[in-house]
Amino acid sequence: MDLNAKIPDGPIEGKWDRHRFEMKLVNPANKRKYNILVVGTGLAGASAAASLAELGYNVDCFCFQDSPRRAHSIAAQGGINAAKNYQNDGDSIYRLFYDTVKGGDFRAREANVYRLAQISVNIIDQCVAQGVPFAREYGGLLSNRSFGGAQVSRTFYARGQTGQQLLLGAYQALERQIGLGKVKMYARHEMLDLVVIDGVARGIITRNLVTGETRGWVGDAVVLATGGYGNVFYLSTNAKGSNVTASYRAHKRGAGFANPCFTQIHPTCIPVSGDYQSKLTLMSESLRNDGRVWVPKQKGDVRRPEQIPEDERDYYLERRYPSFGNLVPRDVASRAAKAVCDEGRGVGPSKMAVFLDFGDAVRRLGQNVVADRYGNLFEMYERITGEDPYKTPMRIFPAVHYTMGGLWVDYDLMSTIPGLHVLGEANFSDHGANRLGASALMQGLADGYFIIPYTIGNYLAQAKLPKITVDHPEVQRSLAGVRAQTTRLLGIKGRTTVDEFHRELGLVMWDYCGMGRTAEGLKVALQKIPEIRARFWSDVAVPGANEELNPWLEKAGRVADFLEFGELMCLDALERNESCGGHFREEFQTPDGEALRDDANYSYAAVWEYTGEGSAPRLNKEPLEFKNVKLATRSYA
Amino acid sequence: MSKTMTLTLQIWRQRSANTPGSMQTYKLEGVNEHMSFLEMLDVLNAKLTKEGQDPVAFDHDCREGICGSCSMVIDGRPHGPRKGTTACQLHMRTYKDGDTITIEPWRAKAFPVIKDLVVDRGSLDRIVAAGGFVSVNTGVTVDANATPIGKKNADEAMDYAACIGCGACVAACPNAAAMLFTGAKVGHLVKLPQGQVERRGRVLRMVEQMDLEGFGACTNHRECSEACPKEISFDAIELLTSSTCAPRSRTTDLRRSLPQRGRRDPRRPRSRLRLEVQQLG
Ligand SMILES: Cc1cc2nc3c(=O)[nH]c(=O)nc-3n(C[C@H](O)[C@H](O)[C@H](O)COP(=O)(O)OP(=O)(O)OC[C@H]3O[C@@H](n4cnc5c(N)ncnc54)[C@H](O)[C@@H]3O)c2cc1C
Ligand code: SF4
Ligand code: FES
């Protein structure tokens, strides 16, 4: 597997500029001769499809929801980072770069991260020009907050609906191009295979989710922006439809999958309330700016929180991390919550929760100010739990939230298959082993608005692409494979529902490949997963037919992929004998319980290569070099 | 301990767009009060699947009240009884043991049923494609703080921009009008300096598309903002009509006079609105 990241030479500050100059351009008149297939309409996909169409390319765009506006990005709450330094508090491109590399626990590629920090400032300009209603100060200038453990205020936000507003900006740009005829939009279409011809990505296979029609599409380049795979855990903060299918099927066609085990567990989610639970709801991280996290000092204390006096409470984050307090990064906060619950000091009916208390904030700021800052989040909490957070502390617990792993890409965002580009959460590039808050939105939009429009031209200008049609035998072969899988799933007619299998897999993943991982546990998971998979393929109940809207058939295909992909995650976690960021191997920790990295042996991106069904995947390594940020132990004490 | 209840569910079942549908009755036991409404439907569907019956199709994705996917009329009200709450955010503690609940799809000419509770809302996207944007290509270089925007305007823009595109307003309207949805987009953009340049053309184009899609006209019933899970104010419609510089009655008249696609009488002169839209390109 060729893992040359093609990082441009020269000092880090000048790499992107220089590369932009050196890249080959496609003549404006020629752009309309190219057809690009964009899969996904989240921040990454919608911004890419719109920008490519504006440049003159013809774009076919796909999503599985009924409208491109409903992509999972819509749910992002907290904000988007940019190194504008509008607050004059010492921010800079270099600081955002530094924070992201350090926050990612030194497992990201420096050059990519630097470019991301550079581009961040353009994103905000672009969004404001589109009419994104960011929060503003009375003077009319943009407002910022500090977020996710950053010590500067660089986060831009639109109430608690930043993702929605950014996505609507990109969606509107996309709809404009649809109206102009430059983008053809295919909603309720799911990509089920990638077509690779002579080693080059040339097309995809989709199923029309309304009619069941499966068909092939060909183009000059394929862009995947299909989001993250947190739903492998069944319960996560992701939307129900989020899945790994597009990425995983591209992986099976030859795309290297990097760091699949790097998962982010978000510390502030509403705890599980019962086994009917279908998803977990995030309570924005911004709550930690004013809320204080605590548990009772005593094990098994069942008093109501109001009855527990101040000196019997353990504000464990403030105690363990005095300088960052409640604002430590997500991985650190999540593990600390798990630790106190494992000690038996968890709260609530399940004992798998900690308090997030606004009592002090209300006393200090007044209920009005608290309501102004967090009103909609409090309402959401009340709607779900039936409890009023102004009166009684919230109960929160960590939940799977984001996946840093993804398809490997080079500096141009191209995967190991020429012609296949991967953007947004679906790629692995920028967040290393842990993503900082408000950085995913930034990355998705950087990839889509400002990177792919350049780099795809560089690819197209140099690629030799023979003309092909959907009648090509490779397209037909992929099509036949997809249809065969559908027939097989519908033919099993077993007794166990798709969700039951998904839940079972999710529990195994959570227990053995979740917040704390051990070699021993991962080996157990590696035995259990193939066993569940075998049962799935002999006993799954998929009702209905292919030629109709059939959500259960859709889901069965996604769960089938999760059942293979989960194994790859465990393998990756087992292979990485160190703790870094969201990957915490219990064998590798300091006496204080902090993650213990092993830079001498694991300073690389682990890139897995598919070698066929029943055959072990092959591990390839992209070594990571840190020339600008000195490798150091992360410390938030 | 959490309470459980037994419910009678009456649900609209329709195999496909072209087959007639009907209400079917299901009994569901052991519904936990902490379940969300959609989790309750998951439980029903698991039961139906196990019994070899066809489960109920419904749209959903985020289950957090933000994506706008979920869309069902519960006991006659789009998204159900709780104000400002989408179906996915409704929890079963709203109900009590023994209740009967009816569940139907959005009903509107512009939202054809696909299956059971799932409808086609592509018409809303096409309204946006007709003009619900600021025409700006990627790559602008104006600094984001170059144009200050008063907090009040920014906040009001956000109030309108909060629309999730669910279509409940259409489902609630006796005329199946999409005025609140369209007005919300108009309101969002018209409150911002960036939205000024195209202000008039935007409204005319979006309104024309609304008509082409077969949405009805507004006759002031105000059911839309009552049903809206994001509580978009009825003022949005005021903003829409005032943005064309025509009083509401006139706009409604103009809209009524718009020819339907493919059915225009060639001898009849094009309406003024249509002409204006054409001149705008
Ligand atoms: C609750 C929540 C809150 C968050 N808050 C923040 C925040 O405040 N700040 C921040 O920076 N990040 C946040 N994140 C993370 C961030 O929202 C996501 O990482 C980001 O939006 C992902 O964008 P994307 O474009 O890569 O993918 P997505 O938005 O997930 O879009 C995926 C697209 O791919 C399509 N797709 C997927 N598979 C297929 C297929 N097989 N065929 C066809 N189409 C397919 C889908 O239809 C969809 O259009 C949050 C995440 C969650 C879950
Ligand atoms: S205006 Fe309200 S009801 Fe109508 S689509 Fe928007 S959010 Fe839904
Ligand atoms: S499922 Fe997203 S709003 Fe209800």
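A polar contact is a pair of N or O atoms within 3.5 Å; within protein, one must be able to donate a hydrogen and the other to accept it. In this predicted model, 47 residue pairs across the interface of chain B and chain A are in polar contact, with both residues at pLDDT 80 or more. On the chain B side, at least two residues each are supplied by helix 1 (37-50), strand 6 (113-115), strand 7 (118-119), helix 2 (122-131), helix 3 (151-161) and helix 5 (179-190). Helix 3 of chain B contributes the most to this side, with 7 residues. Sorted by class, the side of chain B that touches chain A comprises 32 nonpolar, 22 polar and 19 charged residues.

In total, 73 residues of chain B are in contact with 74 residues of chain A. About 6,100 Å² is buried between the two chains, and carbon and sulfur atoms give 51% of that area. The interface also contains 9 salt bridges by the rule applied. One of the salt bridges joins the side chains of Glu64(B) and Lys279(A), with an N to O distance of 3.0 Å.

Ligand 1 is surrounded by 37 residues, the closest being Gln65(A), Ser73(A), Gly78(A), Met191(A) and Glu425(A). For Glu425(A), an N or O atom of the side chain lies 2.6 Å from an oxygen atom of ligand 1. Backbone atoms also approach the ligand: a polar backbone atom of Leu43(A) is 3.2 Å from an oxygen atom of ligand 1, and a backbone N or O atom of Gly79(A) is 2.9 Å from a nitrogen atom of ligand 1. Ligand 1 exposes 1,000 Å² when taken alone, and the protein buries 98% of this area. Strand 6 of chain A provides the largest share, 3 residues. The shell around ligand 1 consists of 16 nonpolar, 18 polar and 3 charged residues.

The residues around ligand 2 include four cysteines of chain B, Cys163(B), Cys166(B), Cys169(B) and Cys228(B). The shell also holds Ile164(B), Gly165(B), Gly167(B), Ala168(B), Leu180(B), Phe181(B), Pro229(B) and Ile232(B). Helix 4 (168-172) and helix 5 of chain B each supply at least two residues of this shell; helix 5 of chain B likewise gives at least two residues to the side of chain B that touches chain A. By class, 10 residues around ligand 2 are nonpolar and 2 are polar, with no charged residues. The shell around ligand 1, by contrast, has 3 charged residues.

Methods. Residues numbered from 1 in each chain as written. Chains lettered and ligands numbered in written order. Predicted model: local features only at pLDDT ≥ 70, side-chain atom pairs only at ≥ 80, totals over all residues. Heavy atoms only, no water. Contact = heavy atoms within 4.5 Å. Buried area = accessible area lost by both parts, 1.4 Å probe. Salt bridge = Lys/Arg side-chain N within 4 Å of Asp/Glu carboxyl O. Helix = DSSP H or I, 4+ residues; strand = E, 2+ residues; numbered from the N terminus. Nonpolar A, V, L, I, M, F, W, Y, C, P; charged D, E, K, R; others polar. Near = heavy atom within 4 Å. Areas by Shrake-Rupley, 256 points an atom, 1.4 Å probe, with all protein chains shown as cover.
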